[in-house]
Amino acid sequence: MKKQHILILCFMLLSYGTASAQFKKALPNSSHNGQSEARFNIGLVGGPNYTLWQHFNSAQTSDWFVISYKPEFDFGYFGGIALEYMLKPNSSIGLNVVYAQHNMKIGFLNDQFPTGFNQYDTLRYSLSANYRSIEAYIPFTQYIPIGSKTVKPYVYVAPHASYILDGTMTYLKTTESDTAAFNTTRINDSTFQKINVGAMLGVGTQFNISVGNYYFLTKIDASVNFDLLNTFTAFDLENEFNYKRHCAGAQISVFFMLPIKKQLQGACVRWGEYD
């Protein structure tokens with residue numbers, strides 16, 4: 001009976017430890033001592049992002065002769081929750097769900113835009129998009145042991161999915177003979193691919209920070225991403241924007257994570273051995 005009482009007590013303490021003291025260090029004589037990682041890590045992630053249209057199949061129709069393509073810098077941001085499950089001491093699988101704000105712009109120049117018989121003009125125009133999305137990605141992370149218990153570099157790959165909540169696209173056209181013309185439209189299913197999938201690749205470093213008997217994890221990484229589906233669905237401007245545009249981008253992620261650990265497991269095993 002004494003052993004059963006001890007086991008029940010251990011179960012209650014483990015439940016309490018998992019719920020409230022998740023990120024406490026292992027006991028000095030515990031079998032978990034020396035392991036810097038918990039089985040689960042949970043926390044927050046956020047940072048800046050940069051998004052661009054990857055240009056494919058440059059329009060070269062009978063009405064288009066010389067076109068130059070130029071992406072422009074316009075940063076956004078993202079933030080959300082991050083979960084990580086340690087498969088092995090140096091590898092893990094995770095799930096990050098974030099809210100993101102994206103801003104992107106592309107510009108084109110056609111210096112032989114036909115305006116009449118043997119008459120040409122210089123046409124400059126740009127298309128910009130500003131939208132908000134919910135995104136999820138599943139990173140497969142490989143940590144690189146370097147002999148340090150507090151610093152661990154890592155690399156990861158991740159499938160990526162996004163859903164656009166709302167946003168706008170603005171078209172600006174300027175020629176030497178005409179004034180600028182604006183056309184702003186809401187992003188919807190007929191103008192933009194609202195659901196997209198792709199892939200991510202990133203590198204970073206994890207830091208194990210101790211505060212008394214507790215510790216937490218921070219990560220900083222940089223990644224690139226690429227969407228597989230064509231961004232535009234049926235958006236045709238000047239016989240050009242119906243061609244393929246795939247979203248690509250980069251982001252810097254900053255994580256703050258708390259390990260979730262069964263603190264008293266090693267102690268319970270020892271108590272049971274003395275019965």
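Which residues lie nearest the centre of the second largest cavity? In this predicted model, they are Asn 96, Pro 139, Thr 141, Lys 219 and Phe 255, out of 14 residues that line the space. The second largest cavity holds about 120 Å³. Its lining draws two or more residues from each of E3, strand E4 (91–116), E7, E10 and E11. Sort the lining by class and you get 7 nonpolar, 4 polar and 3 charged residues.

Follow Tyr 154 and you land in an aromatic cluster, which Tyr 154 forms with Tyr 143 and Tyr 156.

Across the whole structure, a search turns up 6 aromatic pairs. Take Phe 40 and Tyr 85: their ring centres are 5.0 Å apart and their planes meet at 50°, so this pair counts as tilted. Phe 40 belongs to strand E1 (residues 40–55) and Tyr 85 to strand E3 (residues 75–88), so the contact ties together parts that are 45 residues apart in sequence. Phe 40 is partly exposed, with a relative accessible area of 42%, and Tyr 85 is partly exposed at 29%.

Another pair is Phe 216 with Phe 256. Here the centres are 5.0 Å apart and the planes are at 45°, so this one is tilted as well. This pair links distant parts of the chain, with Phe 216 in strand E10 (residues 214–227) and Phe 256 in strand E11 (residues 245–260), 40 residues apart. Phe 256 counts as partly exposed, because its relative accessibility is 40%.

The structure holds 3 cavities of 30 Å³ or more, and the largest cavity takes up about 190 Å³. Of the 20 residues lining the largest cavity, His 102, Tyr 131, Glu 135, Ser 162 and Asp 227 lie nearest its centre. At least two lining residues come from each of E1, strand E5 (119–137), strand E7 (151–175), E10 and E11. E11 gives the most to this lining, with 5 residues. By class, the lining of the largest cavity divides into 7 nonpolar, 11 polar and 2 charged residues.

Notes:
Residues are numbered from 1 along each chain as its sequence is written. This is a predicted model: local features need pLDDT of at least 70, side-chain atom pairs count only at pLDDT 80 or more; totals for chains, interfaces and linings use all residues. Side-chain values use heavy atoms; hydrogens and water are left out. Rings of Phe, Tyr and Trp (its six-membered ring) pair if their centres lie within 6.5 Å; planes under 30 degrees apart count as stacked, over 60 as edge-to-face and the rest as tilted. Helices (H or I, at least four residues) and strands (E, at least two) are DSSP runs, numbered from the N terminus. Buried means under 20% relative accessible area, exposed over 50%, partly exposed in between (1.4 Å probe, protein chains only). On a 1 Å grid over the protein atoms alone, a cavity is a set of points where a 1.4 Å probe fits but cannot get out, and a pocket is an open set with protein on both sides within 12 Å along at least five of seven lines; lining residues have an atom within 4 Å of a point. Grid points are joined across faces, edges and corners, and a volume is the space filled by probe spheres set on the points. Ala, Val, Leu, Ile, Met, Phe, Trp, Tyr, Cys and Pro count as nonpolar, Asp, Glu, Lys and Arg as charged, and the others, Gly among them, as polar.
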